[in-house]
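Hi everyone, thanks for coming. Let me put the model up, and then we can walk through a few of its contacts together.

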Number of protein chains: 2
Amino acid sequence: MPMDVFATPAGAVDSLMARGAAFLGTRYAILGGAMSWVSERNLVAALSNAGAFGVIACGAMMPDRLAEEIAGTQALTDKPFGVNLITMHPNLMELVQVCLDAKVGHIVFAGGIPPGPAIKAAKEGGAKVICFAPALALAKKLVRSGADALVIEGSEAGGHIGPVSLTVLAQEILPHIRDVPVFVAGGIGRGEAILSYLEMGAAGVQIGTRFVCATESIAHPNFKRAFIRGAARDAMPTVQLDESFPVIPVRALQNEGTKRFLEHQAEVIRRYKAGEVAKEAGQLDIEHFWAGALRRAVIDGDVENGSLMAGQSVGMVTKEQPAAEIIAELLEQAQAALTARRAGA
Amino acid sequence: MPMDVFATPAGAVDSLMARGAAFLGTRYAILGGAMSWVSERNLVAALSNAGAFGVIACGAMMPDRLAEEIAGTQALTDKPFGVNLITMHPNLMELVQVCLDAKVGHIVFAGGIPPGPAIKAAKEGGAKVICFAPALALAKKLVRSGADALVIEGSEAGGHIGPVSLTVLAQEILPHIRDVPVFVAGGIGRGEAILSYLEMGAAGVQIGTRFVCATESIAHPNFKRAFIRGAARDAMPTVQLDESFPVIPVRALQNEGTKRFLEHQAEVIRRYKAGEVAKEAGQLDIEHFWAGALRRAVIDGDVENGSLMAGQSVGMVTKEQPAAEIIAELLEQAQAALTARRAGA
């Protein structure tokens, strides 16, 4: 690129995003966060058509259903997009094959360290592999195992989360991983933060919550309204009541459902202690509490009892607007921040 | 300052810190986090002598004891330092007067919105007032009430914490508060993060955890060893078991004490539900559990049962070293990051 491109803030932001965008094959190094029920063909295609990188959330879909969703997305966009697969899905290897058969270029493995054979199959099939790195040691291990890019996701993200915030993960991981692009995620809702993490060495960002209220998102109007009303402090992780019953924390807007989850946990623990239920069954019972709850909120609009999974950036969601407009706004904020800095120096 | 000062990264970092440093009267816009028992005369003076701004943690000290600590600090440094007062201290007004009598230039009010008369007395007595702002609306209110500077502290901080991470608070508050300097806090342990938040518009940073293992810190060797061993994911907030018994979350390294706190909470809640204890007494009982526990760990070195309050930046504490060396390291990291950026552009 000629030097004078960097003379404009837009050019400078593009140049900070260059490595991530080249890796994704997109205009902007912005990955859509994979949100079950929300990140389907409509939102994914809208993000990709707007120059970002949409990601289908496979979640609990079976292979046929995923193949359908990929085909549906391809009918709506000819731009690159990815598929997010949960590593503990019982049909993981088949799902990888579905992606390869459909020529999906990037597979994101989430919810744990992906098994070696899944990484191998994806790469041999010509896809690039993106993994979530929850700590520096694991980041290094994932790169050695063949990950082509990493996402570091802070605990301010929505849905299932790790314990460490993005500010801390970025300091611990970004200075030490140079071999592959690293995308940052969790709580990002404005362009100033995008610029800031790009300048710290991130190749790009992953954003979920901010896109829930995209016009193209099929989320129920009630679900969108809850996001527009919600403040950062309303998006809280679930609580683990007893260390002998580990709960994977899930960040969501608090409602009747989150209250009932706490009561349900307490009841399962009581039954376990009274010898009425075996430990493993109790554990499964707790994890199953939310099954269907997200669909109930996103699709059916039951925002009282369903699960309102949301990141802390929910406070920055103020209205419904087209995906392209959200992306343009984020980039304008990044560019304005850069302009202000240059004026100050 | 002449333009050529900004040509060097050190000059550019200085210039980003200029507003905060001018406000504090220091070389660097780095506030010491006020940590009870740790932030006493030795660490405070060491930070101020090294060009940062030490802050005495008054905590539960009574006025005479605070006067003594201030005098002790003044005997060790002729540089500016501040005093952190907890707004709910029963002798708050007397403590303000002690600070004013000793010509302390900056009073930091923590643990809640400070009462109007305390702000008024501090300002009329010639001190500058620094307040913690947990959300944008409160930040604006505090500025209207006379706060001369704000600290926004993310939930990755140690000790008593709010619910929102620094990445999110920075996006929500920094673009909207220009009238007073805003310092950022929570999880900051490397210079890259300092640079990044300065460029987002912060006037400076507040750092606590990173200074616990300063050579000058009187923390017990066991306490320091626990910090050197601790990883980010070990520094977890206390859990609230029941919404009818609110617990102010405290972030600390997990140990026998944190386990026992959970058991103690459960027991108090059980007694309340059985009608054996009144609600208010139960509440007080829960809050009192930790009284003395921090002293037990910091001073006596009982790291099993005491409270190991620590921020998530604890993973970035790797050895004991002089305060001046820690500060130099943070600035070198900020400058190196700026150099790398300029080389990249």
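Let's start with a helix pair in chain B: H1(B) passes H8(B) in a left-handed crossing, a crossing being left-handed if the near helix is turned anticlockwise from the far one by less than a right angle, and right-handed if clockwise. H1(B) covers residues 9-24 and H8(B) residues 191-199, and their axes come within 10 Å and cross at roughly 55 degrees. The two are therefore oblique to each other; angles under 35 degrees count as roughly parallel, over 145 as roughly antiparallel, 65 to 115 as roughly perpendicular and the rest as oblique. Axes here are lines fitted to C-alpha atoms, for helices over the stretch in contact, with angles from 0 to 180 degrees between N-to-C directions. Helices (H or I, at least four residues) and strands (E, at least two) are DSSP runs, numbered from the N terminus.

Before going on, a friendly reminder that this is a predicted model: local features need pLDDT of at least 70, side-chain atom pairs count only at pLDDT 80 or more, and totals for chains, interfaces and linings use all residues. Residues are numbered from 1 along each chain as its sequence is written, chains are lettered from A and ligands numbered from 1 in the order in which they are written, and side-chain values use heavy atoms, with hydrogens and water left out.

Now to chain A, where H3(A), residues 63-76, and H4(A), residues 92-101, pack at an angle of about 25 degrees with axes 9 Å apart. That makes H3(A) roughly parallel to H4(A). Who makes the contact (heavy atoms within 4.5 Å)? On H3(A) we have Pro63(A), Leu66(A), Ala67(A) and Ile70(A), and on H4(A) Glu94(A), Leu95(A), Val98(A) and Cys99(A). Their crossing is right-handed.

What about the two chains together? Each of chain A and chain B puts 38 residues into the contact. They bury about 3100 Å² between them, 58% of it on carbon and sulfur atoms; buried area is the accessible area (1.4 Å probe) that two parts lose on being put together, summed over both.

Last, salt bridges, meaning a side-chain nitrogen of Lys or Arg within 4 Å of a carboxyl oxygen of Asp or Glu. Arg341(B) and Glu199(A) meet in a salt bridge at 3.2 Å, N to O. Within chain A, Glu329(A) pairs with Arg210(A), their closest N and O atoms 2.7 Å apart.

Definitions and conventions: Contact = heavy atoms within 4.5 Å.
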